[in-house]
Amino acid sequence: MHTRRAAIRSLFSTSLLMPGMLSQLLAEESRESSDPMLPRQPHRPAPAKSVIFIYATGGVSHIDTFDPKSTKQGRDGSGSDRLMGNVFGAQQNKKCGTEVSNIFPHMRDVMDEVCLIRSMRASHFDHSEATLGMHTGSPTFARPSMGSWVSYGLGTFNQNLPSFVVIAPHLPYGGTQVYASDFLPACHQGTRVFPGDDPIANLRSPNGGATLQQAELGLTDALNRRHFAEREHDSALAARIKSFETAFQMQLAAPEAFDLNSEPEHVRRLYGVDRKVKGPGADFAWQCLVARRLVERGVRFIELIDTGSRPNWDSHGEMNEHAELAYNVDQPMAALILDLKQRGMLDETIILWATEFGRTPTKEGKNGRGHHRDCFSVWLAGGGFKPGHVHGVTDEIGKYTLEDPVEVHDLHATVLHQLGMDHERLTFRHAGRDFRLTDVHGRIVTELLT
Amino acid sequence: MLHSILRAINVPLLALSATNLVFCAFSGSVGADEFERFERTVRPILAEHCLECHSDQERNGGLRLDDPVAVTLAGEKSDTDSGRAAIVAGEPDESELLKRVTSTSEENRMPPDGPQLSDEQIAALRAWIESGAKWPARMSSTSGSDQSLPSASMASEEQLARQRHWAFQPLASAEQLRNSVQASESNWVWNEVDGFIQSERERHGLQVAADANPYALARRVAYSLTGLPPSTKQVADFAQAAASTGDTRAAQTQLVDELLSSPTYGERWGRHWMDWVRYADTAGDNSDYPIPQAYLYRNYVIDAFNNDLPYDRFLTEQLAGDLLPADSLDERNRQRIATGYLAMARRFGSLVERYPWHLTIEDTIDNMGRTMLGLTLACARCHDHKFDPISTRDYYGMYGIFASTRYPMPGLELFQAQQHFVPLVPDEEARATLAAHQSKIDALSAELQKKLDVCEQRALENAKRQSECTLDEQRRMNDELDGLLIKARKAGENLAAAIREAPSVPDAYAVQDDQPRDARIQIKGEPTRPGAQVPRKFPDILGGQQLDESIAAASSGRLQLAQWITHRDNPLTARVIVNRIWQRHFGTGLVASTSDFGLRGDQPTHPLLLDWLASELIRSNWSLKHIHRLILNSHTYQLSSRDIDSNLAIDPANRWYWKANRQRLDAESLRDTLLLIGGALDLTPQSTPHPFPKMKDWKFTQHHPFKDDYPSDKRSVYLMTKRLTAKPYFQTFDGADPNVCTSDRDQSVTALQALYFVNDQFVHAQAERLADVMVKAAESDTERIEFAVEKILCRPPTREDVELIQAHVTKLKLQMASRPERELWASVNRSLMRLNEFMYID
């Protein structure tokens, strides 16, 4: 690096070029060699380049959604008459035959694009822990989020947008820890985005004048460059000079990325952006369509969180709550799959839908279900995951996994694998130890892959 | 695969905890036939299947099978983590080894992965144990070809290397240190620090940078000690003194003294301590229960720094202040509050009936290890430390001390009240206040404890029987346990309700002694798999001290732990803190991994300097201010941050301190400075609790966690910090993570930071407030420019500065003719606040 730098300097030492130009070149040089956000080669060539992680907060009942069970009322092992099957009825996808409950009709129709896991096992029986487990691999101690690990491992394509965007109208359990970079460098933390007119903080000038802002930045830049000329080996200073240019660009790029007005009518209709929806998850069509626009613009990892820590899928007393929540997310999620497919982007994008755990086969309260850790469903689409595939089998009431259990660490290892990263080599040295997303566990579930 | 078998068996942890090993030599007289048979049928099984995890190198579960003297025998209590004997000579059915290789349970089976041993192999092991488990002494082996077994001598070399690790050696002697300082005297050397630095620098053929200019230096030292810029007067005095004497030496000494005696010093260095001990005003459980009393500990820390409380005393009070004698109520309270350090350990979950105390204790040990000793002790919770000589026995030796300590309960979703906080009024007064309620609370507490004990007992039984019973039986057992747990939860709710009805006395988030007890090892870190009981002790590598019997019976042993940690023969404590101080002044530590002095950590760049500073700390009665003076009054600290081209090729990272390291302002310094510039910083300390809701109204759950925010214009150290929801500002500017020891702050550069400077209301507000002052204070453009540059950059403007800024002003005057003047000057201020010169300390 220093040789190259010296070369650049000597190249200009006898020229008449402005000193400012020299420092600019050097700044570019040091930026390239030190910028953690530039795209990097993965460990191996891989099908997927980006991830859209859809997180359904509260614990979605597998029995009433993607692993429907037609259990009649009956007796479970504890001897009480509390067993309850899928309350919504179910139908098969016409092509692949996968059965999905009637509250997800749009998703049912695209199941031939989806790789469904019915044998997930949660890392904990309670919300906060299991939510953190699904996001960071650790249900107890704070660790970096999956999106931060991906950003750290691969960088990002668009320097004018954050590498890891979290679109979350409300915070899930675990608070900001779910998208924190923890001990990874801060540039890899999730940037939280709010549906609406002001998606990212500080995108708009408080005094509104673009001309004034430009003049101010011009003065800052001139003074900064003079300061830098005497400190030209400090790449942090160069990076910070550059960061103001990026920030300036972001003020333009970000609002454009989040503005759906340019989307044609048929696309808006596909996602249901203009549908009448209410309640938790009402922004979900906006979230899904923005996610596609962000992937198109080179954002590496996007997380969509449908609901916050309350109200959400935690239907202890009334399963019919699931129907309203499903209505809000079903069509947009299916649209996202179809839209990416139609644009030829699905192969390079992993869509992962997950929740923290499933719900019990036994009734709780009037018509609800409790938390269930031993089996639940998650699904993936695109990114080299087998379309139309169902992995894992649960028993007839949806209580235990009979075949092919998948742990959270396995899921993480497999997602990283499809991005070209070896989960055992994606490490960060912190406080005397090499940390991994998958801790000391994780098996690549090759049965899920094409 | 036998190798993996032994992973769970856990025999004696040899070399480093040989104290209670039973040496029962199988060696002795082994007949030729037996020798032959062992070598032919048994040793190959051990070599192929066991030794990977159970030899001197790994000793998983405290078991090693590469050395006969290491395997505990017949009838004696085994020293494995599990507390069971791997091999009982003549009794194959009593031998855990045989149980494990024949087990089909996932938990117990050995080897843990892959196929099980063949029937033939199992039969060979059985026959060998049956016939007395005779084991020829290792060194007498004549089959020199057996290289798959690490030889005893190789093994001990590995151990020796661990024990010889630099950090575990005593500090260099006074004589050694004196000699090395004398070796390098020159005009450049101002004090001993410079001697050590200069000799290494010269050895590496590096030139030394010029001294920094007085303005840069005044700013540097002010941020170093107070986290705030110097006042205009301090800058002027410093520059003038430097000009009149020709160097900054005298001026520096004076400014350092002035800053060290300012209360802002304690706020700055208290904040550093809070980084390391992961201070927060909430507990970190699912619902993030607020701890209104936490601020008492924070203020204790700030005061301790301001009063230069001797560091050994500082640590002792935080670990065992409640066990120290006190002459007055104030002193007693201060010492009680100090143990808020232990209370500050993270809380988890939402349930009182399955509360994971083992995780809270792990967090305690983890933080104590990193912060005070520079060791990653918590790695030994599930297995012996992979790299450092810390065994599982060492871990549970310390665990017992904290298991004998009563932590306060800050509240949980299913226990919405505070319990076991420590009163700050005289005991009689506390008793009198609670008199009417105490018996009810005691009865309900006892009821809860009884139910929790029943649950624990049942959980242990279930775990033990799990592998042997059918699925149906397991379900029934679990359902029964669930029933018991619900009863305990109800008992907890009754108790919490009673506590909420009772009046409260002023109290502290602090600890007390509980029933003293030794802990049992938790196999693989699982509390439901108890193993051998371990006496409370300090790690062997640091001395291995144990509690006297009488103390062990009467106390947790925290006071003794504090004494062991602060003992002058402990090679780590003084080194770790002087290195932390160095790191915060220079941006890097003499040992770069400031919280890890273990084998995987970094080597010291200047081991003798580190030892000299550590010796000075001890010699000065553990005065941290003395260490600051030594460092800040050194010539090394005065160096400019400018580069020297020829040095860059040799030492681009400045490991040898030939210049100063430029450092980015941390989140707190940035916010405090902006407020100060805007004239809005409230410098009075926060001496009352944050305006939390009243405990009677607490209904926080994981669905509705505590999320309040209490903005203020006080210094950032006083802002209320939550564990679950970080403030976006602190996320953007690399604030400390209140969940874990933050060794040092990242200095990231991101576009979101730039957006903050460009558009954030807060920045705009401070720029405007400063503009109001400028417009009143000065008439001419030039004067106003001078005013702004001095305020924001702490130096007079250069001619070029004035020209560039004036050009901007002139342009704006045309564009903004109709607007108030303050808007124009706010624009200038914003431009200056965005400068690298402002954001970095040169």
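Predicted model: local features only at pLDDT ≥ 70, side-chain atom pairs only at ≥ 80, totals over all residues.
**View 1. Chain A as a whole.**
Chain A has eleven helices and 17 strands. Its radius of gyration is 24 Å, close to the 22 Å that the globule rule gives for 450 residues, so chain A is as compact as a globular protein of that length. The C-alpha trace of chain A spans about 90 × 50 × 35 Å along its principal axes. Of the 450 residues in chain A, 55% are buried. Contacts between residues at least 6 apart in sequence are counted here, and 74% of them join residues at least 24 apart.

**View 2. Chain B as a whole.**
Chain B holds 33 helices and eight strands. The globule rule gives 28 Å for 842 residues, and the radius of gyration of chain B is close to that at 31 Å, so chain B is as compact as a globular protein of that length. Its C-alpha trace extends over about 105 × 70 × 55 Å along the principal axes. Buried residues account for 52% of the 842 in chain B. Among its contacts with a separation of 6 or more, 72% are between residues 24 or more positions apart.

**View 3. Where chain A meets chain B.**
Here 59 residues of chain A contact 68 residues of chain B. On the chain A side, the elements that give two or more residues are helix 4 (127-136), helix 6 (210-229) and helix 7 (235-258). Helix 6 of chain A provides the largest share, with twelve residues. By residue class, the chain A side divides into 24 nonpolar, 24 polar and eleven charged. The model scores ipTM 0.84 and pTM 0.84.

**View 4. The nonpolar cores.**
The largest nonpolar core has 305 residues. Residues with the most contacts inside this core include Ile54(A), Cys288(A), Ala291(A) and Ile351(A). Leu352(A), Trp379(A) and Val578(B) are also in that group. Leaving aside neighbours within four places in sequence, Trp379(A) contacts Phe66(A), Val114(A), Cys115(A), Leu116(A), Ile117(A) and Trp353(A). Another core, of 24 residues, lies apart from the largest one. Among its members are Leu51(B), Ile87(B), Leu97(B) and Trp135(B).

**View 5**
Strand 1 (residues 50-56) of chain A runs parallel to strand 7 of chain A and is joined to it by five bridges. In this pairing, Tyr55(A) stands opposite Ile305(A). Strand 5 (residues 164-167) of chain A is also parallel to strand 7 of chain A, through four bridges. Ile167(A) has Leu304(A) as its bridge partner.

**View 5. Helix 4 of chain A under cover.**
Helix 4 of chain A is mostly covered, with ten of its ten residues buried. The buried set includes His127(A), Glu129(A) and His135(A). Ala130(A), Leu132(A) and Met134(A) are among the buried residues too. The cover over these residues includes helix 5 (146-154), strand 8 (349-355) and helix 11 (408-418) of chain A. Just after helix 4 of chain A, Gly137(A) adopts a positive phi of about 85°. Helix 4 of chain A also gives two or more residues to the side of chain A that touches chain B.

Strand 9 (residues 358-364) of chain A pairs with strand 10 of chain A in the antiparallel sense, over four bridges. Lys363(A) stands opposite Arg369(A). Four of the five residues of strand 10 (residues 368-372) of chain A are buried, so strand 10 of chain A is largely enclosed by the rest of the structure.

**View 6. Confidence along chain B.**
The mean pLDDT of chain B is 89. In chain B, 91% of the residues reach 70 or more. Residues 72-77 of chain B stay under 50, and the model has 19 contacts for them beyond four places in sequence. Over residues 138-154 of chain B the pLDDT is also below 50. That stretch has 17 contacts in the model beyond near neighbours in sequence.

Note on methods
Residues numbered from 1 in each chain as written. Chains lettered and ligands numbered in written order. Rg over C-alpha atoms; globule rule 2.2 N^0.38 Å. Buried ≥ 20, exposed ≤ 12 C-beta atoms within 10 Å, placed from the backbone. Contact = placed C-beta atoms within 7 Å. Nonpolar A, V, L, I, M, F, W, Y, C, P; charged D, E, K, R; others polar. Core = buried A, V, L, I, M, F, W, Y, C linked by C-beta atoms within 7 Å. Pairing = 2+ DSSP bridges. pLDDT = per-residue confidence, 0-100.
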